[in-house]
Amino acid sequence: MPAKRPPVPLSRERIIEAALHIADTQGLRRLTMRRLGDALQVEAMAIYHHLPRGKEALMDALAEHVTAVHVEPGGSWQDTARAWCRASRELLRDHPGVLALALTKPPKGGTSIAIREQTEQLAEAGLTGAAEAVRALRAFVFGSVAVEVQQSGWADPEVDEWIRRDERADVDFERGLEALLKGLER
């Protein structure tokens with residue numbers, strides 16, 4: 001008989017990954033502490049040792065996970081802004097189940113730090129009004145991903161498999177991003 005493997009220790013990261021999997025495959029409404037505990041093979045109460053505020057802390061952590069993006073500065077503020085927008089879009093597209101949280105939870109923790117970092121990078125690269133630009137860029141990314149997920153059929157129970165990559169959406173995103181960057185140059 002093979003030796004039994006020791007259980008993988010419970011950690012905040014492991015909890016978040018399991019919660020993301022549930023939200024992305026079953027939807028956010030199906031994410032309960034009990035279901036999460038079952039997925040992790042622990043009692044639901046064990047999760048509270050890592051997230052003392054319970055489900056509210058879990059929702060905050062999920063929103064932060066998909067919105068706390070960091071990139072290296074580019075050669076210009078436009079290159080840096082493009083990198084931020086593309087990285088943010090990819091992370092949000094990877095986790096459509098928590099898009100609603102990303103859209104509605106106020107920025108906290110790592111997300112606040114990332115927004116401040118993005119603002120500083122754009123300002124240091126010469127963009128005046130960097131804070132306003134970051135708000136506009138974030139609104140563009142969130143809105144474009146929301147439309148993309150909506151059109152993909154991800155939330156439609158009749159759709160067996162949602163289209164994760166849509167070339168038209170990629171073209172639309174890049175066109176909109178370039179238009180926004182040109183508008184921010186003024």
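Which residue lies over the face of F173? In this predicted model, R89 takes that place, 4.5 Å from the ring centre. The criterion for a charge over a ring is NZ of Lys or CZ of Arg within 6 Å of the ring centre and within 35 degrees of the ring normal.

Residues are numbered from 1 along each chain as its sequence is written. The model is predicted, with local features needing pLDDT of at least 70, side-chain atom pairs counting only at pLDDT 80 or more, and totals for chains, interfaces and linings using all residues; side-chain values use heavy atoms, without hydrogens and water.

The protein chain holds nine helices and zero strands. Its pattern along the sequence is α-α-α-α-α-α-α-α-α. Helices (H or I, at least four residues) and strands (E, at least two) are DSSP runs, numbered from the N terminus. Of the 186 residues in the protein chain, 41% count as buried. Buried means under 20% relative accessible area, exposed over 50%, and partly exposed in between (1.4 Å probe, protein chains only).

The unreviewed UniProt entry places a "DNA-binding region" at residues 32-51. UniProt positions follow the numbering used here, feature names are shortened, and annotations may be inferred rather than shown by experiment. The span 32-51 is 60% helix and 0% strand, and its end C-alpha atoms lie 14 Å apart.

D24 sits in helix α1 (residues 12-26). D24 counts as buried because its relative accessible area is 15%. Its side chain joins that of H95 through a polar contact of 2.6 Å. Such a contact is a pair of N or O atoms within 3.5 Å; within protein, one must be able to donate a hydrogen and the other to accept it, and residues adjacent in sequence count only if both atoms are side-chain atoms.

M59 belongs to helix α4. M59 is also buried, at 9% relative accessibility. M59 and L101 stand 42 residues apart in sequence, with 7.1 Å between their C-alpha atoms.

One cavity of 30 Å³ or more was found. The largest cavity has a volume of about 120 Å³. Among its 14 lining residues, W84, S88, Q118, R138 and F142 are the closest to its centre. Helices α4 (55-67), α5 (77-94), α7 (109-124) and α8 (130-152) each supply at least two residues of this lining. On a 1 Å grid over the protein atoms alone, a cavity is a set of points where a 1.4 Å probe fits but cannot get out; lining residues have an atom within 4 Å of a point. Grid points are joined across faces, edges and corners, and a volume is the space filled by probe spheres set on the points.

Terms used: On a 1 Å grid over the protein atoms alone, a cavity is a set of points where a 1.4 Å probe fits but cannot get out, and a pocket is an open set with protein on both sides within 12 Å along at least five of seven lines; lining residues have an atom within 4 Å of a point.
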